[in-house]
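Please read it alongside the sequence and the coordinates.

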Amino acid sequence: MTPVELDNLPVAQPQPKDTLPYLGLVCITFSKQVRFRTITRTRYLQLSQEQRVSTLKELYRDNLQRLDGALTFCQQYNIRLYRMPSGLFPMSDWEDEVGASVLEEMSAELGKIGQRANQLGIRMVLHPDQYVVLSSDSPQVVAASIKILERHALTLDLLGLPRSCWSLMNIHGGKSQRIEQLVEVISQLPENIKSRLTLENDEYAYSAGEILEVCQRTGVPMVFDAHHHICHENLDSYDHPNVAEMFYAAQQTWTHPEWQLVHISNGEEAFNDRKHSDLITAMPKIYQQAPWIEVEAKHKEEAIAYLRSWWLLENNF
């Protein structure tokens, strides 16, 4: 299926100063309304070739229905950004190619889901799992990482989503102190991957400044995570001047600044705690200028609702 052309995509306009940024739901809901099925590698390997085909067909079709339900949930609660689970179609990147073939056969069904998201004005994005390490010193790990990204890119193509950072695939830097390797690998990625790729700073391996350098050198947009930044730099406030500096620097890496995406989470037990809290009770003031924010909190949609109420009160909207 041919991806949606950029010119046909409803471009989000910059948020007016008296409205909230678009807040995003990450994968599932705190309630049981949005859930997805999976299959373990062990169970899959026990199946015959015929059983693998029938099992994945049934599982993928069920998960597509659940994905459609996720869009309905987002529509109901006015959520304009949805991060799809990285394991939406398990085993689709397996070497037997069964999952890949099943997905191709379901292209019309996937296309309807992407079309519905487009009609509803819901932006769909992905965050591939931790096994994607483009900066690894192992050629085998890099090759496996690219294969995972290729499978995700094909899924986005089948959904009819554009090859742009509107429907982004966000990853971390991976192995630390490997900036040159990371730049080289990204520069050689195929267009269907690189056109959607974004990079995010983390608490351990890559600071916001280091990821910014990689993004500037490769032309890949940067997803700034304020909580990762304060943890990495041991800052005592989201409103430390360096948070705003990094927010603006990251914004400059986006060809379409109105598409800029940032992440927010809070520490569970302390301000610099890396574990995510249930709700979001503290936000960088600079995030008022962020057009899109993924809310990474344990209570999911409840955290989004709480943040909306709190932010409205804080800003007297």
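The points below concern a predicted model and are grouped by topic.

**Salt bridges**
- Across the whole structure, a search finds 16 salt bridges, among them one between Arg 37 and Asp 62, whose closest N and O atoms are 3.1 Å apart.
- This pair links distant parts of the chain, with Arg 37 in the loop between β1 and α1 and Asp 62 in helix α2, 25 residues apart; Arg 37 is partly exposed at 29% relative accessibility, whereas Asp 62 is buried at 17%.
- Arg 37 and Asp 62 also belong, with Glu 58 and Arg 66, to a network of salt bridges.
- Glu 294 and Arg 83 form a salt bridge with an N to O distance of 2.4 Å, and because Glu 294 lies in strand β8 and Arg 83 in strand β2, the pair ties together parts 211 residues apart in sequence.
- Both partners are buried, Glu 294 at 2% relative accessibility and Arg 83 at 9%.

**A buried arginine without a salt bridge**
- Arg 151, in helix α5, is buried yet has no salt bridge, the nearest side chain of opposite charge being Glu 97 at 4.2 Å.
- Beyond its neighbours within four places in sequence, Arg 151 contacts Ser 92, Asp 93, Glu 97, Ala 100 and Leu 103.

**Helix packing**
- The axes of helices α2 and α4 come within 11 Å and cross at roughly 5°, which means that α2 is roughly parallel to α4.
- By class, the contact of α2 with α4 comprises seven nonpolar, two polar and four charged residues.
- In helix α6, the buried residues are Ile 179, Leu 182, Val 183, Val 185 and Ile 186, and they pack against α5, α7, β5 and α8.

Terms used:
Residues numbered from 1 in each chain as written. Predicted model: local features only at pLDDT ≥ 70, side-chain atom pairs only at ≥ 80, totals over all residues. Heavy atoms only, no water. Buried < 20%, exposed > 50% of the residue type's maximum accessible area, 1.4 Å probe, protein only. Helix = DSSP H or I, 4+ residues; strand = E, 2+ residues; numbered from the N terminus. Contact = heavy atoms within 4.5 Å. Lys, Arg positive; Asp, Glu negative; His and termini not counted. Salt bridge = Lys/Arg side-chain N within 4 Å of Asp/Glu carboxyl O. Axes fitted to C-alpha atoms, helices over the stretch in contact; angles between N-to-C directions. Parallel < 35°, antiparallel > 145°, perpendicular 65-115°, else oblique. Nonpolar A, V, L, I, M, F, W, Y, C, P; charged D, E, K, R; others polar.
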